[in-house]
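Me: I'd like to learn how to read strands, helices and contacts in a model like this one. Can you walk me through it?

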Amino acid sequence: MDTKELLKKVRKIEIKTRRLSDHIFGGEYHSTFKGRGMTFSEVRQYQFGDDVRNIDWNVTARTYEPHIKVFEEERELTMMLMADVSGSKLFGTKNQFKDEIVTEIAATLAFSATQNNDKIGLILFTDEIELFIPPKKGRSHVLRIIRELLEFKPKSKKTDISQALKFLSNVMKKKAIVFMLSDFVADDYKQTLKITARKHDITGIRIYDKHEEVIPNLGMVPMQDEETGELILVNTASKKVRENYSKFHQGKVDYFKDAFAKSGAGTIDCRVDESYVRKLLGYFKRR
């Protein structure tokens, strides 16, 4: 992708996702993800109905009149976007590839966070950490994140979700709002997720194509594993082959749901041919 084409694509995504975040997600995001706590704002005279627990006894003693401490919500948060850029993300059969949906969802979330003056960071991962952009504020920073999501070329094609979560814990010392975007065709991340979710507010967004769930009967078909590069002939006419494939896929989905539920983290399932807008809004409203 040349620079001109890339900038055009970035601008197109910005226009679409910024409109969504301005009109739909800004308020929902704010009400869903509260600030870290309450920060002291000022002291004023006590009024009937005020919480007596907030009385400032020092000022009250000095002025001989009851005064209370006023607190405000500490709004500023940090959002971390974690995107799986392994080989399997290239799959897609219904108008859009998974990586395109990942970019649009990430951009929508990032602009929603920007509206609330929050910082946004990015981790691109495979079975290693491919790229880390530390959290910062502002439109130009979000545009850089979109550019990386569009044109980054990973070194590996494999996936290790546990490794990505460990990295997150190491670089983010304070609590963050974390959105992990992947197809979650992976194993052995349950324990790491449980530990990481104690510190961070994590949501797993599973992006998938309906043809990954069930293989149609197409006879002998050459298939390549995007993560290993291995090319094999698969007899899709065999009912047993189709059943085994569906069982394998369902096993990964069940593991994903169980791992996130047991760690107290949130989940969103988003098929590439479905509206991610409806999915995100529904999730924000449920929380």
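Me: Which residue stands opposite Ile207 in E10?

Reply: Cys270 stands opposite Ile207 there. This is a predicted model, where local features need pLDDT of at least 70, side-chain atom pairs count only at pLDDT 80 or more, and totals for chains, interfaces and linings use all residues. Residues are numbered from 1 along each chain as its sequence is written, and side-chain values use heavy atoms, with hydrogens and water left out.

Me: How do I read the strand names, and how many bridges join E7 to E10?

Reply: Strands (E, at least two residues) and helices (H or I, at least four) are DSSP runs numbered from the N terminus. Two strands pair if DSSP finds at least two bridges between them. Here six bridges join E7 to E10, and the two run parallel.

Me: What packs on the sheet there, touching E7 and E10?

Reply: That's helix H7, residues 239-263, whose direction makes about 165° with that of E7. For such angles, axes are lines fitted to C-alpha atoms, for helices over the stretch in contact, and the angles run from 0 to 180 degrees between N-to-C directions.

Me: What is the order of strands in the open sheet?

Reply: Read across, the six strands go E5-E4-E3-E6-E7-E10, with mixed pairing. E5 and E10 (266-271) are the edge strands, as each pairs on one side only. From one strand to the next, the twist averages 15°.

Me: In which sense does E4 pair with E3, and in which with E5?

Reply: With E3 the sense is parallel, over seven bridges, and Asp84 has Phe125 in E4 as its bridge partner. With E5 the pairing is antiparallel over five bridges. Leu124 stands opposite Leu131 in E5, while Ile120 has Lys136 as its partner. A hairpin of three residues joins E4 to E5.

Me: Now helices. Which residues of H5 are buried?

Reply: The general idea first: an α-helix has 3.6 residues a turn, so residues three or four places apart point the same way. In H5 (residues 161-171) the buried ones are Ile161, Ser162, Ala164, Leu165 and Leu168. They cover an arc of only 160° around the axis, which puts them on the same side of H5. That arc is taken from the directions from the helix axis to the C-beta atoms.

Me: What do those buried residues pack against?

Reply: Contact means heavy atoms within 4.5 Å. The partners are strands E3 (78-84), E4 (119-125), E5 (129-136), E6 (177-182) and E7 (201-208), plus helix H6 (190-199).

Me: Where is Ser156, and is it buried or exposed?

Reply: Ser156 is in the loop between H4 (139-151) and H5, and it's buried, with a relative accessible area of 10%.

Me: With which side chain does the side chain of Ser156 make a polar contact?

Reply: A polar contact is a pair of N or O atoms within 3.5 Å; within protein, one must be able to donate a hydrogen and the other to accept it, and residues adjacent in sequence count only if both atoms are side-chain atoms. For Ser156, the partner is the side chain of Asp127, at 2.6 Å.

Technical notes: Buried < 20%, exposed > 50% of the residue type's maximum accessible area, 1.4 Å probe, protein only.
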